[in-house]
Amino acid sequence: YRGTHHKVDGSEKMKVATTRGAYIVKELTEHTCEWTKVQQADLKISFLPANVVDMIAKQQLGKANELQEQLRRNRKEVDRERVAALVE
C-alpha cells in the first residue's frame, strides 16, 4: 500500500511502522491443532506510553483472536479426541 495520492495535513510528522508475523499450526489429531502466532511490530517511536503500546498490540491480535473464537470447539470433545489419538 503506497498510501493516499494527495497531501495529508501533518504527514511530514508521520512514521511508517512495520509488522510481521508467523503462524505455526501443528496438527494434533484429525480435527484438532495447536496454533501459535508470533508477531513483531516496530512502531518507529520510542516514547509511546505502555498503555498505548498494549492497545496497539491488542488490535494486531484481534483478527487472530476472532478466527480462533470462530473455530473454537467444545473442550470435552477435543480432549476425548486427543486421548483417543494417544491410545492409538
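Visitor: In which strand does Tyr 23 lie?
Guide: This is a predicted model, in which local features need pLDDT of at least 70, side-chain atom pairs count only at pLDDT 80 or more, and totals for chains, interfaces and linings use all residues. Residues are numbered from 1 along each chain as its sequence is written, and side-chain values use heavy atoms, with hydrogens and water left out. Strands (E, at least two residues) and helices (H or I, at least four) are DSSP runs numbered from the N terminus. Tyr 23 lies in strand S1.

Visitor: Is Gln 68 buried or exposed, or partly exposed?
Guide: Gln 68 is found in helix H1. Buried means under 20% relative accessible area, exposed over 50%, and partly exposed in between, with a 1.4 Å probe and protein chains only. Because its relative accessibility is 35%, Gln 68 counts as partly exposed.

Visitor: What separates the C-alpha atoms of Gln 68 and Tyr 23?
Guide: Along the chain, these two residues are 45 residues apart. The separation of their C-alpha atoms is 12 Å.

Visitor: Which residue forms a salt bridge with Lys 44?
Guide: A salt bridge is a side-chain nitrogen of Lys or Arg within 4 Å of a carboxyl oxygen of Asp or Glu. The structure holds 1 salt bridge. Lys 44 is partly exposed, at 41% relative accessible area. With the closest N and O atoms 3.3 Å apart, the partner of Lys 44 is Asp 42.

Visitor: What relative accessible area does Asp 42 have?
Guide: Side chains of opposite charge can pair when their charged atoms come close. Asp 42, which forms a salt bridge with Lys 44, is partly exposed, and its relative accessible area is 37%.
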